[in-house]
Amino acid sequence: MQQRLHGKVALVAGATRGAGRAIAVELGRLGATVYATGRTTRAQRSEMNRPEAIEDTADLVTAAGGTGIAVQVDHLDPAQVAALVARIGADHGRLDVLVNDVWGGDHMTEWGRPLWEQPLAGGLRQLRLGLETHIVTSHAALPLLIRQPGGLVVEVTDGTDAYNAKYRGSFFYDLTKVSVSRIAKAQAEELRPYGAAAVVVTPGFLRSEAMLDHFGVTEDTWRDGIAQAAHFVLSETPYFLGRGVAALAADADAARFSGRSLSATDLARQYGLTDVDGSVPDIWGYFADHGDGQEMSGDPAGYR
């Protein structure tokens, strides 16, 4: 699949870290030009106050074989997003892949508290960060994406449609993550006449930079985190989803998946991929078969 995306242009909104960064890098590995956007640069941090920067993502994209272009954008600001899309249009005249991965609301999520006991400002901020950013970006970018057939929109959420049929334990988090899936389905319908597609994808238990820090481990020592959370045994690197999204973007018949909810595991099985350690983690399959209680009720060996 090397360089199968040469000549293609992608925008990964929310590419500073985690799944967004990995998706950008894997698109670059297949030869794409990737605009990596986010709020954190080497000179300025967002409210999340994390060290990862969009310039680092762009450098990783270029090192992988693509062309990485870092652009600082607040995707809640329509003017900034419009300027970004105008720049892509002026420089390339096309947009082939749009990835909406903006989130940034984890630090405001209140678990185990009902709606009326949660800070309203923080909850509404989560909705803005996790939903409004996606809508603003698609509103500006889709006219460029549909200039030629074959465009792909990838909405990134947490949880498959089947898993998210249950309440996710926090009102604003639940509403955000379920609604991202609906955004993808709506776009799939509206893009179909133009020969473009939209899907919603999810990682499993993601070993993002923030999650590794949360457990006090590194990618090399991640298994030490299992003692704190049993399900961490089925965790995955961001590159597991990144590889799947890149393969989907390079699939000439990707439209057959339009409107669907796809996990990183689904994509790996479809395209014969693995995580960086050669495994195929399937935490959503485990949850479907054994439940998601704090203690594991089944053997995880068959789900990795």
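Which residue just after helix 9 takes a positive phi? Select G291, where phi is about 85°, and keep in mind that helices (H or I, at least four residues) and strands (E, at least two) are DSSP runs, numbered from the N terminus.

The model is predicted, so that local features need pLDDT of at least 70 and side-chain atom pairs count only at pLDDT 80 or more, while totals for chains, interfaces and linings use all residues. Residues are numbered from 1 along each chain as its sequence is written, and side-chain values use heavy atoms, with hydrogens and water left out.

Next, colour V201, which is one of the residues with the most contacts inside the largest nonpolar core, together with L27 and L241. That core has 40 residues, a nonpolar core being a set of buried Ala, Val, Leu, Ile, Met, Phe, Trp, Tyr and Cys residues joined through side-chain atoms within 4.5 Å. Helix 7 (residues 238–249) gives the most to this core, with seven residues. A second, separate core of 22 residues includes V85, L95, L144 and L191. Returning to V201, and leaving aside its neighbours within four places in sequence, one finds it in contact (heavy atoms within 4.5 Å) with V154, E155, V156, T157, L241, V245, L262 and L267.

Move on to strand 2 (residues 33–38), where six of its six residues are buried. T33, Y35 and T37 point one way from the strand, whereas V34, A36 and G38 point the other way. Strand 1 (residues 9–13) runs parallel to strand 2 and is joined to it by five bridges, two strands being paired if DSSP finds at least two bridges between them. To see one of these bridges, select A13, whose partner in strand 2 is T37.

Then go to T133 in helix 4 (residues 120–145), which counts as buried because its relative accessibility is 1%. Leaving aside its neighbours within four places in sequence, T133 is in contact with H75, L76, V102 and R128.

Conventions. Buried < 20%, exposed > 50% of the residue type's maximum accessible area, 1.4 Å probe, protein only.
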